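I opened this structure today and kept a few notes as I went. Come along and look up each item with me.

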Amino acid sequence: MDSLQGKKIVLGITGSIAAYKSCLIIRQLIKKGAEVQVVITPAGKEFITPITLSALTSKPVISEFFAQRDGTWHSHVDLGLWADVMLIAPATASTIGKMANGVADNMLITTYLSMKAPVFIAPAMDLDMYAHPSTQQNLKTLQSYGNHIIEPGTGFLASKLEGKGRMEEPENIVACLEQFFSQQNCAKENTQQDSMKGKKVLITAGPTYEKIDPVRFIGNYSSGKMGFALANECARRGAQVELVCGPVSALMQTKFPNIHRIDVESAQEMFVACKELYPSMDSAILCAAVADFAPETTAEQKIKRTGDDMIIRLKPNPDIAASLGQMKKQGQTLVGFALETNDEESNAQAKLKKKNFDFIVLNSLKDEGAGFRTDTNKITIITAANKKDYPLKTKEEVAKDIVDELERL
Ligand code: CTP
């Protein structure tokens, strides 16, 4: 997980024996690419020195309202705007009480009151103080204001009190923040847009299986991941998606209700579905790894071993892409894929023309991390006039690049 990469974190440290653990928190946050600004209470400095903290964060530690050296004012408002998150660890009963009641008598509390980012609080005190109704009430108040309370064992505020009060371990606190940011990223990725609203897109995905007998087939290693990522991306942008997919794992799921999935097995079945759908579509993205040949006949019974050589005669399958290319009307777009092992660009250019694609997405099997059965892909988008190379990315990000290109047309 790299959800903390580049995140700006204000770390509030208060006067608890657990303050030494803040060093471990800082070390892990920095290792994961975050930037940390410490704000410490006067009592916090009794437990850990600002010099240690500034050495770890490579930033001066903020404690007073004014910098002692030159009298400049520390702006809690600026800190509140700068941060992606504020973490208070350890948080004493006293700080929790002040936060709940707005007692702004030190830099940490004023920063908290100006904070625009989410706030995480890791309480640290003995069990009696923790269990006291005052503390519990303050924690509930803070939670009702939208703050996140991190407790040992649960990660978040628990209903039982046993073993509570002790500060959660640094690695679990860091994991809570990581989880928070990765959920935020996920939510962003799933946010609906409407740039493709009203558009209809046909997408083919996965392999095809060409039956030899009731238990055997000719297939390929395509997982369907790239096609599903494309379907999700078009649907996220508001398009109505017809996803025609070959046999893929049951784990392959679509994320949006505006995706209509049609499961097929053979190239012939995929051909029939696509030919029927394409006339009413605005675009088609042909991502499926369609078998070029199928057995001339399918045995009705399981073929037995006889000891002799076995010859299966193959006949060519329909070329779905070429047929849709011929059907294509003005205003419709057609996008194809080319998976090549050699002479990549000239082969892709030839397919672009032959199949009447508007652009073709080339992956080379020479590139590590590209092609079948990976979560990543490295593509080149080729149009009649241009070509653009993209770096290795996740298939979800690659889908964004492809759909951006489709929208540009
Ligand atoms: N395609 C298709 N129907 C087929 C074969 C391919 O729709 N029967 C589509 C694929 O979905 C892809 C593009 O055509 O978008 C290119 O597929 P590829 O297998 O690389 O092309 P072929 O025409 O089969 O070329 P070759 O096997 O000679 O490389």
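I began with helix H8, which lies across strand E1 (8–13), strand E3 (85–91), E4 and E5; contact here means heavy atoms within 4.5 Å. H8 runs at about 160 degrees to E3, where axes are lines fitted to C-alpha atoms, for helices over the stretch in contact, and angles run from 0 to 180 degrees between N-to-C directions. My helices (H or I, at least four residues) and strands (E, at least two) are DSSP runs, numbered from the N terminus.

A note on the source: this is a predicted model, in which local features need pLDDT of at least 70, side-chain atom pairs count only at pLDDT 80 or more, and totals for chains, interfaces and linings use all residues. Residues are numbered from 1 along each chain as its sequence is written, and side-chain values use heavy atoms, with hydrogens and water left out.

**Entry: the five-stranded sheet.** I followed the open sheet in the order E2-E1-E3-E4-E5 and found its pairing parallel. Two strands pair if DSSP finds at least two bridges between them. Strand E2 (35–40) and strand E5 (148–149) are the edges; each has a single partner strand, so one side of each is left without a neighbour in the sheet. I then checked strand E4 (residues 119–123), which is joined to E5 by two bridges. Isoleucine 121 has isoleucine 149 of E5 opposite.

**Entry: domains.** I looked up the assignment next, and it gives domain 1 (8–190) and domain 2 (194–408); such bounds come from an automatic or database domain assignment. Taken over C-alpha atoms, the two domain centres are 50 Å apart.

**Entry: the eight-stranded sheet.** This open sheet goes E10-E9-E6-E11-E14-E15-E17-E18, with mixed pairing. Its edge strands, E10 (259–263) and E18 (387–389), each pair on one side only. From one strand to the next, the twist averages 15 degrees. E14 and strand E15 (residues 359–364) run parallel, joined by six bridges. Which residue of E15 is the bridge partner of phenylalanine 337? I found valine 361 there.

H9 lies across E6 (200–205), E9 (240–245), E10, E11 (283–286) and E14, at about 165 degrees to E6. H13 lies across E11, E14, E15 and E17 (379–382), at about 5 degrees to E17.

**Entry: the largest pocket.** On a 1 Å grid over the protein atoms alone, a pocket is an open set of points where a 1.4 Å probe fits, with protein on both sides within 12 Å along at least five of seven lines; lining residues have an atom within 4 Å of a point. The largest pocket holds about 810 Å³ of space. I counted 34 lining residues, with Ala288, Ala289, Val290, Phe337 and Leu339 nearest the centre. H9 (225–236), H11 (320–327), E14 (333–340) and H12 (344–354) each give at least two residues to this lining.

**Entry: the second largest pocket.** Here I found about 620 Å³ of space. Of its 24 lining residues, Glu189, Lys255, Thr394, Glu396 and Glu397 are closest to the centre. H8 (170–189), H9 and H13 (395–408) each supply at least two. Which helix gives the largest share of this lining? I noted H9, with six residues. Domain 1 and domain 2 each contribute at least three residues to the lining of this pocket.

Note on methods
Points joined across faces, edges and corners; volume = space filled by probe spheres on them.
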